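Please keep the sequence and the model in view while reading.

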Amino acid sequence: MATDQTVSDVVVQRLTAWGVPRVFGYPGDGIDGVIGALRRAGEPAFVQARHEEAAAFMAVGHAKYTGGVGVCLSTQGPGAVHLLNGLYDARLDSQPVVAIVGQQMSSVLGSAYQQEIDLVRLFGDVCAQFVQAAHTAEQVPMLLDRAFRTALATRSPTCVILPHDVQQLPAPDPGAHEHGVMVTSPGLRPARLVPRDEDLREAAAVLAAGERVAIMVGQGAYGAAAEIGELADRLGAGITASLLGKPVLDESLPRHTGVMGHLGTTASEQLMRHCDTLLLIGTNDPWTEFYPRPGQARAVQIDIDGRRLGIRYPVEVPLLGDAAETVRALLALVPAREPGAWAGRVEEWTRRWHLIGASRAAAVAEPVNPQHVVRSLTGRLPADAQVAVDVGSVVYWYARHLCLPRGVPAHLSSTLASMGCGIPYGLAAKLAAPGRPVVVLSGDGAMQMSGLAELVTVADRWRDWADPRFVVCVLDNGDLAEVSWEQRETEGEPRFPASQRLPGVPYARWAELLGLRGVRVTTPDEMVAAWEEALAADRPVVIEAVTDPAVPLLPPGRPYDQVKSMYQGLAAEPGPVARRAEAHLRRERADEGFDDPA
């Protein structure tokens, strides 16, 4: 190693050794040493976001779309604070991310210096598995190796803090062999993890004894689609998915009931309500009120993380193992049987849901039904596309109405449910695979929170992409619709305009100003053409779909006493939007077979 190299050069070399293709961040004086080393080395690539929060979201998106470790970088003080939201997204959705954060000179720490924050304490919760500050040059390679290894092993964010003076120190001797110096190495190879034979036999017996089997898949089931499909056929089982598990299996399967939970389908609600056996695969979905009642179903759970076994539903046989390996082992033990009455019931519920979904999307709204906007993308999404979804009411329409082509990944901030993730996720997907089209689904609230700024990043980078298609569809209803409907549902409160009303923004014109293309949709008849134009364009496109805030976010299959507060909140609201919302609510409830009192 050349004697003129610094610790910062070692940091960059270690990132390369760990296979990091790009670092997402924002520069500042506290991290200048590493920024300079990135310039000198030329790789990994540095991706400048408009805000550190977006950089952290990009790192999470990189981890989700590629399966690798996402890396984000910031300076001390406000830059470090801005990373927190994205890092919590990584923690709650179990994604490996490493944050490299600058700090003031060691000599001023403790003096209440400008931008001085106790960063170990700041990151102590979100990076609970590993957060350390470097004090010597010799520590740095070891800390980076531990940060990456821990992020991968625990599927969580980790953090290495580098004071400015430590970044400037001469590079340590990689061959040092003395007391107090730890010499480590990069790299971690995944292993096979399969449960014990006796546990597999017990689980197979439970599943084989079930007459009404339901399988619920989460993001931990990625890579096991073929095995899960075969097991479902053997058991005549119905399949549902958590929100994160939606892309795992082909939703066009006749017994795939769609997404489960508050934003799920009527078919999934019926599947959970009537099953007598439940197999959970790689899911940690929090909507426990939509699971079977405790005691209703015998349960088997498969998860790679033993901390998650039995924490969402009482489990008779917990199986610690990889999803594909474990299901493959179960296939050797579970006998095939002819599909019975249960399989027929699940198929009927599923057919019925597809009819309900189509009817809801076709309902007249003012001016455009948001369900129609998303449903009209089904069948038009390219087979090699990647999808990113921001947080808000758009998640309901994505969960219920977008049928993803087999193999198309789709990601969002699910457990943290943080607005502002959509375009950063989409950028991470595009930078990892610039030859594939990207579609981002967003609400107007998320676009105003951070999307308008990160659209600048899209405008800055799109000419470098092999495939320039990057479509952002904004559902513009002038309302924080999910909050409005939550207040009605949980509080019986009317919409509070000062809180939920959003200022008007010309999203399509903003795109045009940035040199992109903008398409404004104000009637349902324009929507299909808008998708087709955007997906054939020679540059990124923003579709501004003007939608109706009166379309309800209705949880499936709830008795009247659980939706009565929605009616109460709407009754207290003046104006045509509330009357229209009540009419939509009654119609959708009738779709599910309910006759709510006036």
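A crossing is left-handed if the near helix is turned anticlockwise from the far one by less than a right angle, and right-handed if clockwise. This is a predicted model, in which local features need pLDDT of at least 70, side-chain atom pairs count only at pLDDT 80 or more, and totals for chains, interfaces and linings use all residues. Residues are numbered from 1 along each chain as its sequence is written, and side-chain values use heavy atoms, with hydrogens and water left out. Helices (H or I, at least four residues) and strands (E, at least two) are DSSP runs, numbered from the N terminus.

**Helices H3 and H4**

- H3 passes H4 in a right-handed crossing.
- The axes of H3 (residues 52-66) and H4 (residues 78-92) cross at roughly 30 degrees and come within 7 Å; axes are lines fitted to C-alpha atoms, for helices over the stretch in contact, and angles run from 0 to 180 degrees between N-to-C directions.
- H3 is therefore roughly parallel to H4 (angles under 35 degrees count as roughly parallel, over 145 as roughly antiparallel, 65 to 115 as roughly perpendicular and the rest as oblique).
- H3 contributes Glu52, Glu53, Ala56, Phe57, Val60 and Lys64 to the contact, and H4 contributes Gly79, His82, Leu83, Asn85, Gly86, Leu87, Asp89 and Ala90 (contact means heavy atoms within 4.5 Å).

**Helices H1 and H2**

- H1 (residues 7-17) packs on H2 (residues 32-41) at an angle of about 60 degrees, with the axes 8 Å apart.
- The two helices, H1 and H2, are therefore oblique to each other.
- Their contact is made by Ser8, Asp9, Val11 and Val12 of H1 with Gly33, Val34, Ala37, Leu38, Arg40 and Ala41 of H2.
- The crossing of H1 and H2 is right-handed.

**Surroundings of H2**

- Gly33, Val34, Gly36, Ala37 and Leu38 are the buried residues of H2 (buried means under 20% relative accessible area, exposed over 50%, partly exposed in between, with a 1.4 Å probe and protein chains only).
- These buried residues pack against H1, strands E2 (45-48), E3 (70-74) and E6 (157-163), and helix H7 (164-168).
- Glycine 42 follows H2 and has a positive phi, near 85 degrees.

**Glutamate 316**

- Glutamate 316 sits in the loop between strand E11 (298-303) and strand E12 (317-320).
- With 38% relative accessibility, glutamate 316 counts as partly exposed.
- Not counting residues up to four places away in sequence, glutamate 316 touches Glu202, Val206, Arg298 and Ala299.
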